[in-house]
Amino acid sequence: MFGCTDSLAFNYDSLANVDNGGCLPVVTGCMQPVAFNYNPLANVPDTCVPVIFGCTNVTALNYDSLANTDDGSCVAIIFGCTDPQAFNYQPQANVDDGSCVAKVFGCTDATMFNYNPLANVDNGSCIPFTYGCTDSTAFNYNPLANADNNSCIPYIYGCTDPSALNYNPSANTEDFSCIAYVYGCMDSLAINYDSLANTDNGSCISIVMGCMDQSAYNFNANANINDSLSCRYSAGCITGDSIPYWLNDPCYAWVIDIDNYCCENEWDTVCQATYNYCEGTWVGPMPIRGIERHLVSITDILGRPANKNQSGVLIYIYNDGTTRRFLRNDK
C-alpha cells in the first residue's frame with residue numbers, strides 16, 4: 001500500500017506499507033488568507049493575527065507600535081517652535097524643540113531714534129532722528145529735537161540793535177539796554193562840551209580866551225570866550241599905542257583929558273607927574289604947564305563928594321572953572 005510512512009510528516013498514512021517518497025513536512029501557521037500572519041504554506045492551523053494598519057517606521061512622528069501593516073501614513077519628524085504665539089513659531093514643525101522665543105514688540109529699524117535691539121516684532125512705532133539742541137535752558141532749544149547734536153548756544157543778554165551805541169554783536173537775547181547815539185563834543189574842557197553826548201563827533205572847539213571887542217587894540221578874532229579885562233585900548237596919542245600907558249589906565253585917561261599936550265605933543269615930566277598925582281604917589285605941589293590949574297574937588301554924577309579911587313563916573317572940578325568927566329572901572 002503506497003503512501004507516506006513517516007509518522008512525523010504532514011501526510012503520514014498509517015495504512016501505507018510502502019513509502020512513496022511523497023511525505024510533506026508539517027508547516028504550522030495561520031491559514032486565514034485575510035490574517036496578518038497568513039501562511040500559504042501552512043498545512044497545520046495556528047493562531048492568526050489580524051491586520052493592523054499604521055505607521056511602522058520607528059523614526060516617524062506617528063510611529064504606531066501596534067501597527068503590523070504600514071499604510072504609508074508615516075510623518076517625518078520636523079523639529080522647531082510649535083507655539084503659535086511665539087516669535088519664531090514654525091507651522092511646519094511637529095516636534096517642539098524648546099526654541100520658542102517670546103514676541104518683543106518695538107522699533108526694529110536700527111537707523112531710527114527709538115530702535116530697540118531687544119525687539120523682534122516691529123510695531124510701527126519707529127521715530128526718525130531729529131537733530132538739534134535738546135537743552136531747554138539753551139538759546140536755540142528745539143522742542144522737536146530728540147537727538148542732541150552739540151549745537152546748543154547759551155543765552156547772551158545785551159543790546160542786539162546794530163544802530164545802538166552799545167550794540168553787542170555777541171548777544172542773542174535783547175535785554176532792552178540799547179542806548180541811542182547822541183553825537184556831540186565830549187571834551188569837558190571844550191567850549192561846546194555836551195554833557196548829554198555819548199559819541200564824540202569831532203566837533204569840539206577849544207576854549208580861546210581873549211578880547212572880543214573889535215575896537216580894542218588887542219582884539220582876538222580867534223577868541224570865543226571874552227576876557228574883557230584883557231582888552232587894551234589905544235588913546236591914539238602921538239607917543240604910540242600903549243606908550244606910556246593903555247587908555248584902560250584911568251589915570252592915563254585923566255591926564256590926557258586934562259592936558260591935551262600929553263597926547264598931542266609928548267609925554268613929558270609934567271604929564272608923568274600929573275599921572276603920579278592921580279595915582280597917589282606924587283609928593284609935593286602939582287606941576288603946572290603955563291597957567292596954573294589945579295583940581296578943586298571930585299564929585300560923582302549926582303554931585304556928591306567922591307574919592308578919585310572909587311569906581312563909576314567921576315567929575316573933576318578945577319580952579320579955572322573947567323570940569324572933566326572920567327569913567328573909572330576898577331574891574
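Which residue forms a salt bridge with Asp300? The partner is Arg304, and the closest N and O atoms of the pair lie 2.8 Å apart. A salt bridge here is a side-chain nitrogen of Lys or Arg within 4 Å of a carboxyl oxygen of Asp or Glu.

## About the model

Welcome to a predicted model, in which local features need pLDDT of at least 70 and side-chain atom pairs count only at pLDDT 80 or more, while totals for chains, interfaces and linings use all residues. Residues are numbered from 1 along each chain as its sequence is written, and side-chain values use heavy atoms, with hydrogens and water left out.

## Overall form

Let us start with the whole chain. The protein chain has three helices and 21 strands; these are DSSP runs numbered from the N terminus, with helices (H or I) of at least four residues and strands (E) of at least two. Its radius of gyration is 75 Å, well over the 20 Å that the globule rule gives for 331 residues, so the chain is more spread out than a compact globule. That radius is taken over C-alpha atoms, and the globule rule is 2.2 Å times the number of residues to the power 0.38. Along the principal axes, the C-alpha atoms fill a box of roughly 235 × 35 × 30 Å.

Of the 331 residues, 24% count as buried. Buried means under 20% relative accessible area, exposed means over 50%, and partly exposed lies in between (1.4 Å probe, protein chains only).

## The largest nonpolar core

A nonpolar core is a set of buried Ala, Val, Leu, Ile, Met, Phe, Trp, Tyr and Cys residues joined through side-chain atoms within 4.5 Å. The largest one has 20 residues, and those with the most contacts inside it are Trp254, Val255, Ile256, Trp267 and Tyr316. Elements giving two or more residues to this core are α1 (250-258), α2 (261-264), α3 (269-279), β19 (295-300) and β20 (312-318). Helix α1 provides the largest share, seven residues.

## Around Asp300

Back to the opening pair: a search of the whole structure finds one salt bridge. Asp300 has 11% relative accessibility and therefore counts as buried.

Gly312 is 12 residues from Asp300 in sequence, and their C-alpha atoms are 7.5 Å apart in space. Gly312 belongs to strand β20 and, at 27% relative accessibility, counts as partly exposed.

Phe53 is in strand β5 (residues 53-54). With 56% relative accessibility, Phe53 counts as exposed.
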